[in-house]
Amino acid sequence: MSKFTPPRSRGDIFAIGDAFHDSAALLFACARGLFDGLVEPTMAGEVAAAHAWSAWRTAVLLNYLTAMGLLGRDGERYSNEPIANAFLVRSRPSYIGAALEHQRLQWQLWDGMDTAPTGRNLTQNERFDDQQEANEAFNEAMALLAREKIDEVAALPWLQNRRFVLDLAGNHGCYLAALAHRNPEMRGEVWDFARVRQSAERKFAEASVSDRLTFREADISSPVSYAGVRADAALLNDCLHYFDRATLGDVFQSVHRALDPDGVVVVTMMTLAANGVEPHAAAGFSLHMMLNTDKGLLHPTPIIERALECAGFDLKHASAMNSSSGYTSDRRRQIGSELLETDRNLQIERVDHERHEELAAVCRPAAEPGRRTPRR
Ligand SMILES: C[S@@+](CC[C@H](N)C(=O)[O-])C[C@H]1O[C@@H](n2cnc3c(N)ncnc32)[C@H](O)[C@@H]1O
């Protein structure tokens, strides 16, 4: 299940068409807390009674979740498979319900596929301004997905002993909070839209860094936002997919101007090959952004590198990070020890998510801010 397998038969094509059955069953079951009640073997009738559902309909659903490999069945009793116990039970530290809820709330959005190719789709901004529930689910999902990368980013050598760090499009602010924790003198700002302020300020308070970190309502693509701003480091984590290529260049130029001569920008993003096709999950994420925004898409990693250079940065390092997050899988990694303990030392292989690329670029002192070389 971790690697995408191209269709080889007519049946495989039907299976792609039916893939939404799996999504519907999983997202419904998780949203209703079904897996919470299946830690111990349980009869379908008992599950049905607990939720006030029809017994035979519940059995059909449980059978399908069993067929999907999320539940096991022994006679008439169903129980979570270890993978469901690890990630789909609310009381577990590794519970991923926040991210699945964000996925569930996108269900209707995919109806927009009909209009997306013409550019008349409802954007994420419009939806979140209107639907508080979807906005909250998104913020929680972003914090959850970031969790796997935060320690790695916060430990990056280029980010240590900085004085003032911008977390651009930083949403929950967890990256900045982790950095501030490691660097007691550091101050910083998260920039994002007003609707995420509460989420960020809550995280600052939880991490006891509210005295050094602030939230600023700012459009990171507008050069005006950067007027009078000086920083010695900036983070651009998983946000460049909101912009078209020209805006990408504008963002990098604005950041370059705002940074000190020894300043550094760290970019993390899902890796996409130059052809825009591989890996499958990244191409799918690009489609998701096209559907969700007015001009967003996932940019191939070489395009990002080139845009950084054009804006006057020296590309210092580009390497795959060890950790990963995202929605779909492309890589496997051993599950963390904490989970192995909670699951009685079963060797579960976690289906891991899309690999992220970490790019660190330092300001090039001789660069003329605003200089651009022609794009390919
Ligand atoms: C996918 S989230 C990533 C959040 C965080 N950087 C992380 O890696 O977890 C992208 C964030 O970009 C923000 N964003 C998108 N366009 C923006 C803009 N023009 N100005 C400021 N924030 C923006 C969104 O509101 C959202 O919070």
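Residues are numbered from 1 along each chain as its sequence is written. Because the model is predicted, local features need pLDDT of at least 70 and side-chain atom pairs count only at pLDDT 80 or more, while totals for chains, interfaces and linings use all residues.

Next comes the helix pair. H11 (residues 245-258) packs against H13 (residues 301-310) at about 45°, with the axes 9 Å apart; axes are lines fitted to C-alpha atoms, for helices over the stretch in contact, and angles run from 0 to 180 degrees between N-to-C directions. H11 is therefore oblique to H13 (under 35 degrees is roughly parallel, over 145 roughly antiparallel, 65 to 115 roughly perpendicular, and the rest oblique). Arg-245, Leu-248, Gly-249 and Phe-252 of H11 meet Ile-303, Ala-307, Leu-308 and Cys-310 of H13, contact being C-beta atoms, placed from the backbone, within 7 Å.

Finally, an open sheet of 3 strands runs in the order E1-E3-E2 with antiparallel pairing, where pairing takes at least two DSSP bridges. E2 and E3 (residues 77-80) are joined by 4 bridges, and Gly-72 has Ser-79 in E3 as its bridge partner. Helix H4 (residues 55-67) packs on the sheet, touching E2 and E3, its direction making about 110° with that of E2.

Methods
Helices (H or I, at least four residues) and strands (E, at least two) are DSSP runs, numbered from the N terminus. Two residues are in contact if their C-beta atoms, placed from the backbone, lie within 7 Å.
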